[in-house]
Amino acid sequence: MKNKEIKILLSAPRGFCAGVERAIEIVKKSITKYGAPVYVRHEIVHNKHVVDSLKAIGAIFVEELDEIKDKSRPVIFSAHGVPKSVPQQANGYKMEYIDATCPLVSKVHREAENLYKAGYHIVLIGHINHPEVIGTMGQLPEGSIDLIQDEHDVETYELDDNKKIAYVTQTTLSVDDTKNIIKALKKKFPKIKEPFKEDICYATTNRQSAVKNIAKKCDMFFVLGSRNSSNSVRLVEVAEQSGCPHSELIHSDSEIPFEKLENCKVIGISSGASAPEILVENFINEIKSKFKVKIETVEIIKENIVFKVPGKLN
Ligand code: SF4
């Protein structure tokens, strides 16, 4: 078997973004400052490996604040952001909280709020039930923001003619799919107000462009990331849409499809913004155990964005 050689095109940038690095750092620094346990509302980022490693040093993950038994302990809000009701609830419980919402998600929150104050009715392009969508919708009073998931939703969407309309988006959407939804929105509502600066974040955009750049050269494409990680799932779709129909998500329960690899000369690898690089390394090592491997990194842009952790943790 080892006679077979596979070339790996390693997509770059891939993996951790600045928002994820910051959220993980916030949990670690909180444990150092306050001691264990520190509670975290929702998976801090959507990755089992990250969550398990933080559990091991004293983080306890809950979905809602009322599950927290000892309310004298601090709680951290995840990188995806939270509805306004969550810090209000924490204040009601007199709990200390640390907000690990990515600054680029907070930017969308502020944007939605400002548009609402300026009298706009808001449309959020995003995926139903994703925590970021719940958080963004929860910045505004019910009925003032509607979710649109696809072009079909645009077709059926109705709004009083006398209302001003604006849109914002989830940060981790497919750049291309979102363009089409925005096009449909603009056709239906020519006066719709756009965000001042694109809401899909730099990390999502860069990871998708990098995958797009190499997908058509690959016989198979693999994205390391969790099933509930929006940007990882989008990367699989981007690889498929960009010329590699055999694209798969490799998550914590995945089995490596060695038999399919037998028929591959070139494979592509990327990872979602919440997936640590160790998962890519382990995956490559598994492939190396069966095949001769040649690796070429294909980098389209260098990232140097860093977000500071809240001052009270320093
Ligand atoms: S994917 Fe983008 S918005 Fe989400 S945490 Fe990373 S940088 Fe922030």
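**Set-up**

I number residues from 1 along each chain as its sequence is written, and side-chain values use heavy atoms, with hydrogens and water left out. Because the model is predicted, local features need pLDDT of at least 70 and side-chain atom pairs count only at pLDDT 80 or more, while totals for chains, interfaces and linings use all residues.

**Entry 1: the ligand**

I looked up where the ligand sits, and it is in the largest cavity. A cavity here is a set of points, on a 1 Å grid over the protein atoms alone, where a 1.4 Å probe fits but cannot get out. A molecule sits in one if more than half of its atoms lie within 2 Å of its grid points.

**Entry 2: D199**

I found D199 in the loop between α7 (175–188) and α8 (202–215). Helices (H or I, at least four residues) and strands (E, at least two) are DSSP runs, numbered from the N terminus. Is D199 buried or exposed? It is buried, because its relative accessible area is 3%; the cut-offs are under 20% for buried and over 50% for exposed, with partly exposed in between (1.4 Å probe, protein chains only).

I checked the polar contacts of D199 next. Its side chain joins that of K107 at 2.9 Å, and it also reaches the backbone nitrogen of T169 at 2.8 Å. A polar contact is a pair of N or O atoms within 3.5 Å; within protein, one must be able to donate a hydrogen and the other to accept it, and residues adjacent in sequence count only if both atoms are side-chain atoms.

Beyond four places in sequence, D199 touches K107, V108, E111, V168, T169, Q170 and T171. Contact means heavy atoms within 4.5 Å.

Most residues other than glycine have a negative phi, and most peptide bonds are trans. I looked for exceptions to both.

The peptide bond from A12 to P13 is cis, with omega near 0 degrees, and P13 lies in the loop between β1 (5–12) and α1 (18–34). The bond from A36 to P37 is cis too, with omega near 0 degrees; P37 is in the loop between α1 and β2 (38–41).

H42, not a glycine, has a positive phi of about 70 degrees. It lies in the loop between β2 and α2 (48–55) and is buried, as its relative accessible area is 14%. N129 has a positive phi near 70 degrees and lies in the loop between β6 (120–125) and α5 (131–137). N129 counts as exposed because its relative accessibility is 61%.

I placed Q139 in the loop between α5 and β7 (145–148). At 11% relative accessibility Q139 counts as buried. Its side chain reaches the backbone oxygen of V82 at 2.9 Å, and a polar contact of 3.4 Å joins it to the side chain of H109. Outside four places in sequence, Q139 is in contact with V82, P83, K84, H109 and E113.

S144 lies in the loop between α5 and β7 and is buried at 8% relative accessibility. Its contacts, sequence neighbours within four places aside, are Y116, H121 and I122.

V236 is in helix α9 (residues 230–241) and is buried at 11% relative accessibility. Leaving aside neighbours within four places, V236 is in contact with V223, S247, E248 and L249.

K292 is in strand β12 (residues 292–299). Its relative accessible area of 43% makes K292 partly exposed.

How values were computed: 1 Å grid on protein atoms, 1.4 Å probe; cavity = no way out; pocket = protein on both sides within 12 Å on 5 of 7 lines; lining within 4 Å.
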